[in-house]
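Hi everyone, thanks for making time.

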Amino acid sequence: MEFAIADTCFLIDWSLWRRRDTLFKVFKTVFVPETVLNEIVSENTIVWIADAIAEGKLSLFTETLDIVNEARRIVEKTRVTPGIRGVDLPEAICLVIGLKRKYIVLTENRGVLMSVDLLDELKEVVVWRALEVIKEAYRRRLFSEENPLSIFREYELDTHHRFPISDLERVIYELKRKA
């Protein structure tokens with residue numbers, strides 16, 4: 001669990017959280033594909049990414065032609081497969097890198113989540129949302145709070161991102177059970 005690769009939606013949300021540097025305690029390095037970086041227009045997110053790259057916590061990932069071609073194939077497959085939301089090229093690039101390099105893919109994109117569940121060639125890809133990253137950080141005791149729900153609520157407050165209630169309840173139950 002040393003390396004992850006993050007897509008646009010994850011980075012934008014995560015950059016708003018007051019504890020955003022927790023990400024770098026969970027992963028040794030988080031890679032950002034150039035294609036993802038090109039999508040980001042938020043000044044706050046750009047500054048956070050630039051600072052983290054300068055500090056060696058985030059690292060730029062330059063996509064090769066074979067990765068881009070495989071990602072295009074995934075984009076096309078998600079567009080024609082019933083029951084899957086289509087993914088765009090930057091998210092598909094993250095999926096391909098996750099598959100080839102065994103990096104954890106960080107996303108909030110429903111199409112990505114559906115793709116790893118429904119496409120056989122992506123079944124080996126591990127995808128985490130902020131929910132799973134925070135869960136892992138809590139499991140490693142990176143927070144001083146006793147109540148894990150307070151950390152998740154803080155994330156929601158800072159980012160305006162709402163966790164699915166059933167997923168949040170499941171994670172809180174798992175954390176309290178293991179405490």
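Let's start with Thr45, which is buried, at 0% relative accessibility. Buried here means under 20% relative accessible area, with exposed over 50% and partly exposed in between, using a 1.4 Å probe and protein chains only. Before I go on, a word on where this comes from: it's a predicted model, local features need pLDDT of at least 70, side-chain atom pairs count only at pLDDT 80 or more, and totals for chains, interfaces and linings use all residues. Residues are numbered from 1 along each chain as its sequence is written, and side-chain values use heavy atoms, with hydrogens and water left out.

Okay, back to Thr45. You'll find it in helix α4, residues 43-54; helices are DSSP runs of H or I with at least four residues, strands are E runs of at least two, and both are numbered from the N terminus. Setting aside neighbours within four places in sequence, Thr45 is in contact with Leu11, Ile12, Ser15 and Ile40, where contact means heavy atoms within 4.5 Å.

How do α1 and α4 pack? Their axes are 9 Å apart, at an angle of about 95°. The axes are lines fitted to C-alpha atoms, for helices over the stretch in contact, and angles run from 0 to 180 degrees between N-to-C directions. That makes α1 roughly perpendicular to α4: 65 to 115 degrees counts as that, under 35 as roughly parallel, over 145 as roughly antiparallel, and the rest as oblique. On the α1 side we have Leu11, Ile12, Trp14 and Ser15, and on the α4 side Asn44, Thr45, Trp48 and Ile49. By class, that's five nonpolar, three polar and no charged residues. For the classes, Ala, Val, Leu, Ile, Met, Phe, Trp, Tyr, Cys and Pro are nonpolar, Asp, Glu, Lys and Arg are charged, and the others, Gly among them, are polar.

α8 (residues 130-139) and α10 (residues 165-178) pack at about 10°, with axes 11 Å apart, and that makes α8 roughly parallel to α10. From α8 the contact uses Leu131, Glu132, Lys135, Tyr138 and Arg139; from α10, Asp167, Leu168, Arg170, Val171, Glu174 and Leu175. Sort those by class and you get five nonpolar, no polar and six charged.

Last stop: Thr107, in the loop between β4 (104-106) and α7 (110-118). Thr107 is buried too, with a relative accessible area of 0%. Its side chain makes a polar contact of 2.3 Å with the side chain of Asp7; a polar contact is a pair of N or O atoms within 3.5 Å, and within protein one must be able to donate a hydrogen and the other to accept it, while residues adjacent in sequence count only if both atoms are side-chain atoms. The Thr107 side chain also reaches the backbone nitrogen of Asn109 at 2.9 Å.
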